Amino acid sequence: MKTLDQGNFKGKTVLVRVDFNVPMKDGAITDTTRIERSLETIQYLREHGAKIVLLSHLGRPKGQAQEAMSLAPVAKKLAEFLDSPVQFLKDDQVVSEDVKKWVKELKEGEVALLENTRFVKGEEANNDAFADQLASLGDLYVNDAFGTSHRAHASNVGLANRLPSYLGRLVEEEFKAFQPVLTEPERPYVAILGGAKVSDKIGILQELVDKVDGLIIVGAMAFTFLKAMGLEVGKSLVEDDKLDLARDIMEKIADRDIDFILPMDVVVAKELKANTPSKPVAIEDIDPELAGFDIGPQTVERIKKLLMTAKTVVWNGPAGAFEVEPFEKGTEAIAKALAESPAFSIVGGGDSAAAIEQLGLAREIDHISTGGGASLELLEGKTLPGIDAVERSRHA
Ligand SMILES: Nc1ncnc2c1ncn2[C@@H]1O[C@H](COP(=O)(O)OP(=O)(O)OP(=O)(O)O)[C@@H](O)[C@H]1O
Ligand SMILES: O=C(O)[C@H](O)COP(=O)(O)O
Ligand SMILES: [Mg+2]
């Protein structure tokens, strides 16, 4: 691995891609895990005389600046953690003549943060013009955004192709933590997949089902499967163009004869609002006017039993909309079961890590990963483009 130890950062302007895609509610950060986990790299670079320019995305603004997705609150929080100023180089274009001037004025050990890279269309398209603009700001590049390393965007792959590049401490730590599962997971090996990024993550199961002994599907992800089985799922979140894929995956699961848990009951409500009337129902009885926002108590019991016999468990994606009461119960029950289980456990993802932190169970889990989609692609056996590009990058 091309780690920080191989770089000479003294007096250099170092562009550092971090994953500050933190969960937010009403303009406030609800979980700071991803910020805290970036501190080691930032401190290392400060101690080694770098001028540090941090880059990150937040949410999915799709090339359009939106105040709600500004990184301003993150800059403030980071300054608190570092106990020193962080200059927020606010510009909806991310790079501009002003931003270039501000970066030039940075002194050794100083830290600046650019605005949300996804405010510019060229970020996700990884277009040359935007990558060139970003690269013009610095001398060296460090990728520490493990959680974004499954994307090939201007601020990771684009920069690694243009500047001498290194992998940060968080990336190193994440790879080390995943090693046992990637090489020889203790069996039974069980994966839990939930959350809301259904179209993004469902394809991963095609490969993952070959590797695991058990698969548990919860969260919004479950409803695409339930609908594919011919069930009424009401207004629950469903990706209709993934129904065939869900059927293919279920056939593969049946062929492989692994333990497979889909919800048998779910908690339904009219809307996703705090303390709204809700009730658990069997999956055959979902009212067409209601939506499922959590797994039900019977499903929880089945999951607990399977987790008690597992030796390795990886989990990405909450079991329900845990940010909104009373839909946190399924996620809470799985987290507690995992904390009690003797299995080697990894929980990954921005929201999944937040759930574990909120429950105060972080110490009970063997590794909390900052990557959700990124962890899944790693476990699936894919090369992560954000990492690969750094490994191939030329050195100074
Ligand atoms: N049944 C459901 N209906 C609607 N939303 C749900 C449901 N179950 C879970 N969610 C939502 O899923 C979101 C988290 O999903 P997501 O896939 O982003 O997980 P993650 O752990 O953050 O992974 P990543 O890091 O890849 O984003 C939460 O905001 C939660 O409210
Ligand atoms: O939260 C994540 O998984 C990463 O920050 C990547 O975000 P994305 O799924 O919007 O690309
Ligand atoms: Mg998320």
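View 1. Look for Arg-151 in the loop between β7 (140-143) and α7 (154-160); helices (H or I, at least four residues) and strands (E, at least two) are DSSP runs numbered from the N terminus. Arg-151 counts as buried because it has 20 C-beta neighbours inside 10 Å (20 or more is buried, 12 or fewer exposed, in between partly exposed).

**View 2. Arg-34 in helix α1.** This helix spans residues 33-36. Arg-34 has 25 C-beta neighbours inside 10 Å, so Arg-34 is also classed as buried. Among the residues that Arg-34 touches, not counting those up to four places away in sequence, are Asp-19, Asn-21, Gly-147 and Gly-350. The unreviewed UniProt entry annotates Arg-34, Arg-118 and Arg-151 as "binding site"; such annotations may be inferred rather than shown by experiment.

**View 3. The shell around ligand 2.** The shell holds 6 polar and 4 charged residues and no nonpolar ones, with Asp, Glu, Lys and Arg as charged and Gly among the polar. Ligand 2 lies between domain 1 (4-171) and domain 2 (185-380) because both give residues to its shell; the bounds come from an automatic or database domain assignment.

**Notes.** Residues are numbered from 1 along each chain as its sequence is written, while chains are lettered from A and ligands numbered from 1 in the order in which they are written. In this predicted model, local features need pLDDT of at least 70 and side-chain atom pairs count only at pLDDT 80 or more, whereas totals for chains, interfaces and linings use all residues.

Terms used: Near = placed C-beta within 6 Å. Contact = placed C-beta atoms within 7 Å.
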